[in-house]
Amino acid sequence: MELRKEDLTRYILPLREGGSLPTLGEAADGFRYVVKMRGAGHGKKALVSELVGGLVAKAFKFRTPELVLVNLDELFGITEPDQEVQELLKKSEGLNLGLHFLDGAATFDPAVNHVDELTASKIVWLDAFLTNVDRTRLNPNMMMWHNELWLIDHGASLYFHHSWRNPEEAALDPFPFISRHALLPYATKLEEADKLMRQAITPRTLEKIVDLIPEEWLTEEDSELTPDMRREGYKQFLVKRLANSDIFTREAIRQRQML
């Protein structure tokens with residue numbers, strides 16, 4: 001398991017959907033990427049969430065855009081006239097995260113696009129596992145591309161790290177926010193999904209994913225936590241949460257019964 005690293009070579013435009021103000025850019029490999037920037041919103045923690053969430057989803061065989069580490073230098077976007085965007089680009093110089101741009105993709109609409117009950121249950125399980133609060137009916141963060149369902153934007157996952165309370169204690173959170181999930185009404189096979197998802201990934205795979213987080217994203221000024229301590233915290237959270245998946249599975253079932 002590894003990540004490619006590319007230099008951003010061409011600024012295209014800011015993407016004003018959502019609160020993090022990502023940018024569309026082209027890298028040295030000739031491909032376009034949606035660039036999530038370290039200077040926006042929750043900063044490097046959002047990049048960690050995006051990276052870990054996307055790689056975990058891919059490990060479960062969901063379709064997700066390729067994740068690439070992209071380097072942003074001081075000349076990228078220098079012609080952008082918007083002062084707010086310019087300030088964001090300046091604060092984001094260095095290593096950021098790029099998601100392969102799904103050209104022509106359409107936003108998934110559960111009222112229009114069909115998803116089978118087991119797939120819906122697996123996606124609900126995934127987001128409860130990752131504590132992803134942002135796959136709601138108003139903002140599904142799912143796309144239809146070439147008639148296939150793709151999962152995007154995992155930057156709101158792992159919300160425990162914003163306060164950095166005990167990772168092992170946070171791993172036992174039943175995650176009541178699953179009540180807002182866009183696919184919860186269709187997730188009739190959560191118990192089956194729990195069994196299949198637990199069999200589909202190992203603690204070792206989760207640890208390898210966490211090892212891919214760049215060390216500079218784990219550094220925080222005025223914090224006593226070292227990058228190694230943070231990395232170990234993410235591992236503890238994910239491994240313990242997998243071992244106790246019945247907690248959030250039962251909560252998802254309970255929340256669905258209350259719809």
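**Close-up views of a predicted model**

View 1. Val34 has Leu99 in β5 as its bridge partner. The model is predicted: local features need pLDDT of at least 70 and side-chain atom pairs count only at pLDDT 80 or more, while totals for chains, interfaces and linings use all residues. Residues are numbered from 1 along each chain as its sequence is written, and side-chain values use heavy atoms, with hydrogens and water left out. Strands (E, at least two residues) and helices (H or I, at least four) are DSSP runs numbered from the N terminus; two strands pair if DSSP finds at least two bridges between them. β3 (residues 32-36) and β5 (residues 94-100) run antiparallel and are joined by 4 bridges. Strand β2 (residues 23-27) is also antiparallel to β3, with 4 bridges, and Glu26 has Arg32 of β3 as its bridge partner. Of the 5 residues of β3, 4 are buried (under 20% relative accessible area, 1.4 Å probe, protein chains only).

**View 2. The β2-β3 hairpin.** The two strands of this hairpin have 4 residues between them. Gly30, in the turn, has a positive phi of about 90°.

**View 3. The β6-β7-β8 sheet.** This open sheet has 3 strands in the order β6-β7-β8, with antiparallel pairing. Its edge strands are β6 (106-107) and β8, each of which pairs on one side only. Between β6 and β7 (residues 142-145) there are 2 bridges, and Thr107 has Met143 in β7 as its bridge partner.

View 4. His162 lies in the loop between β8 (148-151) and α4 (167-170). His162 counts as partly exposed because its relative accessibility is 35% (the class between buried, under 20%, and exposed, over 50%). Apart from neighbours within four places in sequence, His162 contacts His42 and Lys45 (contact means heavy atoms within 4.5 Å). The C-alpha atoms of His162 and Leu97 are 19 Å apart, with 65 residues separating the two along the chain.

**View 5. Packing of helices α6 and α7.** The axes of α6 (residues 203-211) and α7 (residues 227-243) come within 9 Å and cross at roughly 155°; axes are lines fitted to C-alpha atoms over the stretch in contact, with angles from 0 to 180 degrees between N-to-C directions. The two helices are therefore roughly antiparallel (angles over 145 degrees). Pro203, Leu206, Glu207, Val210 and Asp211 of α6 meet Arg231, Tyr234, Lys235, Leu238, Val239 and Leu242 of α7 in the contact.

Terms used:
Parallel < 35°, antiparallel > 145°, perpendicular 65-115°, else oblique.
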